[in-house]
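Me: I have a model open and would like to talk it through with you. Could you take my questions as they come?

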Amino acid sequence: MSDLAVSVRNLRKAFGSQVVLEDVSLEVPGGQTLALLGRNGAGKTTMIRTLLGLLPADSGTMRVAGCDPATESLELRRRVGYLAEDQSMYDWMTALELCRFLEPFYPQWDAKLADQYLERFELPRHVRIERLSKGQVVKLGLAVALAHAPQVAILDDPALGLDPVARKEFNRDLVEHLQAEGRTVIYSSHLLDEVEAVADTVAILDRGRIVRQGPPETLREEVQRIVLSKDVVRQRPAPQGLLDVRKHGESYEIVVDGAPRFIGELNAAGHSLQSTGMTLDDIFEAFVIGRPQAWREA
Amino acid sequence: MFVHIERGSSVPISRQIAEQLRSQCLSGTLIAGDKLPSVRELAQQLAVNVNTVFRIYERLAAEGLIELRHGDGTYVCPKSLKVDAQLETQRDKFGLEFDALIQQGVMLGFTANELRTRLTSALATARNSQK
């Protein structure tokens with residue numbers, strides 16, 4: 001058995017002529033947490049729904065918790081917990097009613113465990129879901145996604161719309177009830193600074209492609225902002241991994257993925273430069289809206 | 001044990017935590033024999049990835065600051081073992097100060113060659129004074 005809880009190779013998915021996912025590959029070792037990051041419409045939800053076998057892929061191979069989503073989606077649902085983006089379902093039920101309603105669908109449903117989660121998340125049992133706060137609804141979603149003790153949890157933008165306190169609480173729940181239990185987690189978000197503390201790996205999805213994947217710390221080492229003089233920009237070819245170029249008077253501020261090597265090259269050539277580390281939000285921005293072509297226009 | 005994390009900072013979270021624990025061990029805020037929270041407890045307390053906390057503990061243990069006693073817990077080491085870590089901290093600090101100094105030099109308009117010349121002469125002076 002492989003140690004990979006999730007592996008995706010060359011996944012492609014189009015709706016009609018619109019390509020939503022193109023050549024997506026990723027791997028998540030068992031027990032690790034992957035954060036899928038992207039702007040709205042980048043393909044995060046399509047990716048997640050394809051992983052769960054809710055949408056058929058056009059091509060590519062996938063294994064999720066040992067199952068092929070295309071052919072074994074029933075078994076997959078027993079091994080995977082899923083928290084959908086839209087949490088407004090069954091508004092008229094109470095938390096307890098929801099648990100009782102869902103129980104027959106899952107052979108491994110553990111009613112005692114479900115009850116423990118309600119307890120730990122301090123969720124009222126007899127209040128209708130429509131009257132719960134947004135944070136409570138997410139917690140309830142998490143409780144029912146975990147009640148059959150899945151190996152893998154897939155959460156679609158669980159922090160969406162939560163206030164900062166609820167987000168932090170959610171992160172804590174994720175660490176406490178998913179990571180510490182050894183579960184593999186894939187979750188999507190568009191708040192990079194928020195996922196840094198929690199994710200082992202981040203994958204940046206942009207217009208259907210994964211443009212970068214790696215541990216947050218590696219990204220911070222590799223992607224840096226460098227200030228250069230106009231002359232350097234004019235003399236040299238654009239470096240590999242150039243993400244963004246901005247002009248400030250006589251100098252240029254660029255963002256490079258692979259900065260340590262480029263800085264080494266510039267130093268060796270005797271050019272002066274300034275480099276600074278970036279926050280993950282800035283790194284994300286450079287990947288998705290950076291303008292590397294401005295190097296040539298210099 | 002008090003650790004404060006600044007999210008969205010340009011300093012990686014793992015380094016923020018490691019530095020705070022290190023300086024608490026060195027300054028004596030944490031004393032020899034103190035038991036640290038388990039990896040899991042600290043991860044939960046800070047809402048930080050369990051593997052990240054584990055790597056931080058391993059690193060501090062390798063520096064001789066703390067000791068991971070299998071099946072028992074994590075303890076702060078006696079001072080004598082901290083020399084390596086102290087050196088490590090001072091080197092880190094020196095690196096930051098050096099970078100800041102160079103940055104200042106660049107802003108003051110020194111060219112790379114001028115800075116290199118200065119470094120060479122400063123090195124020569126330092127070597128001479130060591131003899």
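Me: Before that, what kind of model is it, and how are things numbered?
Reply: This is a predicted model, in which local features need pLDDT of at least 70, side-chain atom pairs count only at pLDDT 80 or more, and totals for chains, interfaces and linings use all residues. Residues are numbered from 1 along each chain as its sequence is written, while chains are lettered from A and ligands numbered from 1 in the order in which they are written.

Me: Which residues have the most contacts inside the largest nonpolar core?
Reply: They are A:Leu36, A:Leu37, A:Val64, A:Ala143, A:Ile154 and A:Ala203, in a core of 103 residues.

Me: Why is helix 1 of chain A described as largely enclosed?
Reply: Seven of the eight residues of helix 1 (residues 44-51) are buried, so this helix is largely enclosed by the rest of the structure. Among the buried ones are A:Lys44, A:Met47 and A:Leu51, and the helix is followed by A:Gly53, whose phi is positive, near 80°.

Me: Switching to A:Leu4, where is this residue?
Reply: A:Leu4 is in strand 1 (residues 4-15) of chain A, and it counts as partly exposed, with 17 C-beta neighbours inside 10 Å.

Me: How many residues does each chain bring to the contact?
Reply: Chain B brings 21 residues and chain A 25, two residues being in contact if their C-beta atoms lie within 7 Å. Helix 2 of chain B gives the most to the side of chain B that touches chain A, with three residues.

Me: How is chain B divided?
Reply: Chain B has domain 1 (13-76) and domain 2 (81-129), with bounds from an automatic or database domain assignment, and the C-alpha centres of these two domains lie 30 Å apart.

Technical notes:
Buried ≥ 20, exposed ≤ 12 C-beta atoms within 10 Å, placed from the backbone. Helix = DSSP H or I, 4+ residues; strand = E, 2+ residues; numbered from the N terminus. Core = buried A, V, L, I, M, F, W, Y, C linked by C-beta atoms within 7 Å.
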